[in-house]
Amino acid sequence: MSDTPQFKTDSGIEIKAVYTTGKVNSSDFPGKFPFTRGVRDDMYRGRLWTMRQYAGFSTAEESNKRYHYLLKQGTMGLSVAFDLPTQIGYDSSHEFAEGEVGKVGVAIDSLKDIETLFDKIKLEDITTSMTINATASTLLSMYIALAKKQNADLNKISGTIQNDILKEYAARGTYIYPPQPSMRLITDIFDFCSKEVPKWNTISISGYHIREAGSTAVQELAFTLANGKSYVKAAIEKGLDINVFAKRLSFFFNAHNNLFEEVAKFRAARRMWAQITKELGATDAQAQMLRFHTQTGGSTLTAQQPENNIIRVTIQAMSAVLGGTQSLHTNGFDEALSLPTESAARTALRTQQIIGYESGITQTVDPLGGSYFLETLTDEIEAAAYQYINAIEAMGGSVAAIEKG
C-alpha cells in the first residue's frame, strides 16, 4: 500500500494541486510573487497549518496543566497568554497589579515561573508563540535561558514573540516606553535573533487587536501593513539586511463572520506585502512573503446562546484556511462568559482538526481562487487599504502619526 496521499473527492474524482485560468503568468500560481494564492506551491497538501491554541491563566502550574492537556488532544504548537501586570512590566506583588494577577493570562515574575510554565515540555520539540509586546525582550530572554538549561540547540528553537508596540498605541494600550525607544528595542531584537536564534519569528505584526477595537477588515489590513512597513524601515535604518530579517517577520490577523471578505483580505495582504517589501529592497522571495497566524473573532462571540459560537468559529476558521493561514487559533464557544473550559478548548481544537482532515478544503491550493466575486473583492480591498496606507505615509509613517496623536 502506497504512503503517498491520495487527493480525490469521495466520488473518486482526482483533485489537482492547483487550478488556474490557463494564463502563463506568475500571479496565477501559489508560491510565486506576489503570493496572492499562497506562500507555498503545495500549501496544505504538503503540510497543514499549525493548530496553535492560545492559553494561559492563573498560575504557571495551572497553565502548564492546560498545555499538557492541549498537547494530548493534538495541538501542534503552544501559544502563551500573559496577564496584564506581566505585559506592562509589574511583578505580581506590586500594588498596581492588585486584582489583575493571573486574570487574563498567566503571571510570570521570574525565570522560575517560566521553568514551571514549561515543565516537562522540551522547547526544542515545540514551537511557542508568546503574546507579549513591551516586555517581549524580557520574556524571550527567559525562554532562551530555559532552552539553555534544557541543553537545547538554539538553532532549532522556534516560535514567535508578538513584539508589536505600534498596535499597542493604536488599539490595546500595554506600552511602557515612548515610540522611538520602543522601536529601538524591537530592531535590537531583530538583530539579536538573526544571530542567536535564527528560526525565531522576531515580531508578529498584529491586526487582530485593531479589529477587536472596532476597525473594518480594510482598516485592519491597512494599519497592520503600515505598521509593518515602519518596522522594516526602522530595521533598514539600523543597518540590518532586509533579505535576512524580513524572513522572520510574521503577521497576526483576525477572522470574522463575513467569509468572502476575510478570504479576500488574506489574499490581498500577501500581494500587498510582497510589493511593499520589494519596493523597500527585498530581492529574496522568502523576505517578500507574508506569513500569518489567525485567531477567530473574540468580539463576534455572544454570551447568549453560546453554543451558536461554535458555528461562528467554524466559519471564521474556514475563512483563515481558505485564505492560506500558516497557523490558527480557534476560540472557545464560552469565551464571552469566562476563560475556556477544557471541554470548550477541546471543541475549538476539534473544529480545526475536522476542517483539516475531513472537509477536503486542504486538497487543493486556494480553492476559491478564480471566483469572479472573490477576485474582484481582493482587488477592491487592496485598493481601499492602500488609501489608508498612503494617508499614513503622508503623515510621515506610523511612528510619526502616533507621536502626533
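Trainee: Which strands does helix 12 lie across?
Mentor: In this predicted model, helix 12 (residues 308-322) lies across strand 7, strand 8 and strand 9 (327-329). Its direction is at about 165° to strand 8.

Trainee: And how do strand 7 and strand 8 pair?
Mentor: Strand 7 (residues 249-255) and strand 8 (residues 292-296) pair in the parallel sense, over 5 bridges. Within that pairing, phenylalanine 252 has histidine 293 of strand 8 as its bridge partner.

Trainee: What is the strand order in the sheet?
Mentor: The order is 5-4-3-2-1-9-8-7-6, in an open sheet of 9 strands with parallel pairing. Strand 5 (200-201) and strand 6 (203-206) are the edge strands, each pairing on one side only.

Trainee: Where does helix 1 lie?
Mentor: Helix 1 (residues 60-73) lies across strand 1 (50-55) and strand 2 (77-81), and runs at about 150° to strand 2. Helix 1 also packs with helix 13 (residues 342-358), at an angle of about 35° and with the axes 10 Å apart.

Trainee: Changing topic, is threonine 187 buried or exposed?
Mentor: Threonine 187 counts as buried because its relative accessibility is 5%, and the cut-off for buried is under 20%. Threonine 187 belongs to helix 6 (residues 179-196).

Trainee: What is threonine 187 in contact with?
Mentor: Leaving aside neighbours within four places in sequence, threonine 187 is in contact with Ala234, Ala235, Lys238 and Leu240.

Methods
Residues are numbered from 1 along each chain as its sequence is written. This is a predicted model: local features need pLDDT of at least 70, side-chain atom pairs count only at pLDDT 80 or more; totals for chains, interfaces and linings use all residues. Side-chain values use heavy atoms; hydrogens and water are left out. Two strands pair if DSSP finds at least two bridges between them. Helices (H or I, at least four residues) and strands (E, at least two) are DSSP runs, numbered from the N terminus. Contact means heavy atoms within 4.5 Å. Axes are lines fitted to C-alpha atoms, for helices over the stretch in contact, and angles run from 0 to 180 degrees between N-to-C directions. Buried means under 20% relative accessible area, exposed over 50%, partly exposed in between (1.4 Å probe, protein chains only).
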